[in-house]
Amino acid sequence: MRGVDYRAFGLTISSDIALPELLPMSFENEGQGRDVIITRADLTEQWARLFQEDEFFIIKENFCMFKVDGVAIYAIQGGTNITVSPCDGAQEDQVRLFILGTSMGILLMQRKTLPLHGSAIAVDGAAIAIVGSSGAGKSTLASEFLQRGYHLVSDDLIPVTFQKSGIPYIKPAYPQQKLWLESLHHFGMEETKYRPLIDRASKFAIPVLNQFVSEWLPLVGVYELVKSDKQDIQVKPIHNLERLQTLYKHTFRKSLLKKSGLLEWHFHTIAKMVNKLDIYQLQRPTSYFTAEQLADVIESEWIARRNTNDQAAKAYHPSIS
């Protein structure tokens, strides 16, 4: 069976498994190569041979394998191949969840593309990343920006790479968000219209095809979203070594870096980033819904920055009006 072709994470992908979340694409030249090949195959014997007790991941250089009970065995190799061995009775939604999540995050690492855990939105031709621990409210805050007319670059996995200029860029992932039921209700969205995620019945897949950015964008800012017991929103810049720690903390599947032999690469990558970004911590109260106020804080910051840049440009070029 010939795979279906898609584009996601800045990559061309051919997959034996249908991935309706992704943007389909066609090639004028059928002989043109694909960046990633996803295939079905029986991995049970290989897993049994390599598996060790108390190890969720089997990791070697440029190779990683893991199993999700009742779903599938996955093997990721060389930054180009994902092999999937579905379990009997596994639902396709379940199988896809770990292709587009954990498997793709590992593949990006193998390709030396930094996967941050968070959401990214497009603002004034650039990208702002919202990172945080699970449940911090990253996707909800990104959805608030979409309500205001902004566009999504990535949700859950943020692929960061560098141009020759040394500027970090985000590759667009695919046009879908994941939102909790509470957030759906807040935005006036009916859960009956959306597909629930299999592993979390109270979290839903939300297509955002009409508000998705398809081109690479420079990453100019990172906001770390954290929960707080305080009653007001607080924002503060992150300085010095804390900037490195923040980017390390919110790297997707960072626990795999050492065994994959990628710790040195990862350190040099985030070290290149810290002086080219504005990095903030945004503390949000847990006692009430804060997405609107949080978006106000970020929006006002970047509007003020844009006005400052415009004034500086006019000072050097008085003809600008």
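**Notebook: cores and overall form**

I began with the largest nonpolar core of this predicted model: among its 35 residues, Phe9, Ile13, Tyr74, Val84 and Ile99 touch the most other members. By nonpolar core I mean buried Ala, Val, Leu, Ile, Met, Phe, Trp, Tyr and Cys residues joined through side-chain atoms within 4.5 Å. Buried is under 20% relative accessible area, with a 1.4 Å probe and protein chains only.

I then looked up the suppliers. At least two residues each come from β1 (4-8), β2 (11-15), β4 (36-40), β5 (57-60), β6 (63-68), β7 (72-77), β8 (81-86) and α2 (92-110). α2 gives the largest share, 8 residues. Helices (H or I, at least four residues) and strands (E, at least two) are DSSP runs, numbered from the N terminus.

Next I listed the contacts (heavy atoms within 4.5 Å) of Tyr74. Leaving out residues up to four places away in sequence, Tyr74 touches Leu43, Cys64, Met65, Phe66, Val68, Thr83, Val84, Gln94, Val95, Phe98, Ile99 and Ser103. Another core, of 24 residues, lies apart from the largest one and includes Ala122, Val160, Leu217 and Leu277.

Then I turned to the whole protein. I count 7 helices and 18 strands. The radius of gyration (over C-alpha atoms) is 20 Å, close to the 20 Å of the globule rule (2.2 Å times the number of residues to the power 0.38), so the protein is as compact as a globular protein of 321 residues. Of the 321 residues, 50% count as buried.

On method, residues are numbered from 1 along each chain as its sequence is written, and side-chain values use heavy atoms, without hydrogens or water. Local features need pLDDT of at least 70 and side-chain atom pairs 80 or more, while totals for chains, interfaces and linings use all residues.
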